[in-house]
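Hello,

Here is the structure we talked about handing over. Please have a look, then read the notes below.

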Amino acid sequence: VSTQSTGRKVRRQSGAFHLYTVTHKRHYEMYRRGKLKQMGIADDGAHGPVSLQETYEQKRAEHLKELKTIENEMRSSYLQKVSRKDAEVKKKLNEMQVRYDNLRKNANEEREKLEEEKKKVVCYAFLESPLPSIRYN
């Protein structure tokens, strides 16, 4: 009787253990797939378990590619801004040069007019002034 009851007991324990392991594996697989799905890793189970190292490498490569794209966009944006600013500076310099040339031209014209007026005033003043009288003693 004791061997028979111990056999049943062992079978019950092994059946319970089997049930425990099967349940554990299923729950763990569901948990694992859910976590992988949250991380953006597709594991449909049809192709066997997904290697986390391969997935990490793939995600890293995608991330680096995305960063490179962003870097290139930022670089091109920066170069466009620099070229725009450079064009603005050249435009301002040209405007300043034109203004300087105009001011210089106007100043020279004004100086010439004043010189001519000065010559006229000196000439008229000389002509209108009485000649000094010469005294003979």
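A residue counts as buried under 20% relative accessible area, as exposed over 50%, and as partly exposed in between. Glu 71 has a relative accessible area of 35%, so Glu 71 is partly exposed. Please keep in mind that this is a predicted model.

Salt bridges come next. The structure holds three.

Glu 71 belongs to one of them. Its partner is Arg 75, and the closest N and O atoms are 3.2 Å apart. Both residues lie in helix α2, four residues apart, about one turn of the helix. Arg 75 is partly exposed because its relative accessibility is 44%.

Helix α2 also carries the pair Lys 90 and Asp 86. Their side chains meet in a salt bridge at 3.9 Å, N to O. They are four residues apart in the helix, so about one helical turn separates them. Asp 86 has a relative accessible area of 39% and is therefore partly exposed.

Glu 29 and Arg 33 also form a salt bridge, with 3.9 Å between the closest N and O atoms. This pair lies in helix α1, residues 2-38. Again, the spacing is four residues, about one turn of the helix. Glu 29 is partly exposed at 29% relative accessibility. Arg 33 is partly exposed too, at 36%.

Now the surface. Leu 64, Leu 67, Ile 70 and Met 74 form a nonpolar patch there. Together they have about 360 Å² of accessible area. Met 74 lies in helix α2, which covers residues 52-128. Its relative accessibility is 56%, so Met 74 counts as exposed.

Best wishes

Note on methods:
Residues are numbered from 1 along each chain as its sequence is written. This is a predicted model: local features need pLDDT of at least 70, side-chain atom pairs count only at pLDDT 80 or more; totals for chains, interfaces and linings use all residues. Side-chain values use heavy atoms; hydrogens and water are left out. Patches are made of residues with over 30% relative accessible area and no salt bridge: like charges are joined within 9 Å, nonpolar side chains (Val, Leu, Ile, Met, Phe, Trp, Tyr) within 5 Å. Accessible areas come from the Shrake-Rupley method with a 1.4 Å probe; for residues, only the protein chains shown count as cover. A salt bridge is a side-chain nitrogen of Lys or Arg within 4 Å of a carboxyl oxygen of Asp or Glu. Helices (H or I, at least four residues) and strands (E, at least two) are DSSP runs, numbered from the N terminus. Buried means under 20% relative accessible area, exposed over 50%, partly exposed in between (1.4 Å probe, protein chains only).
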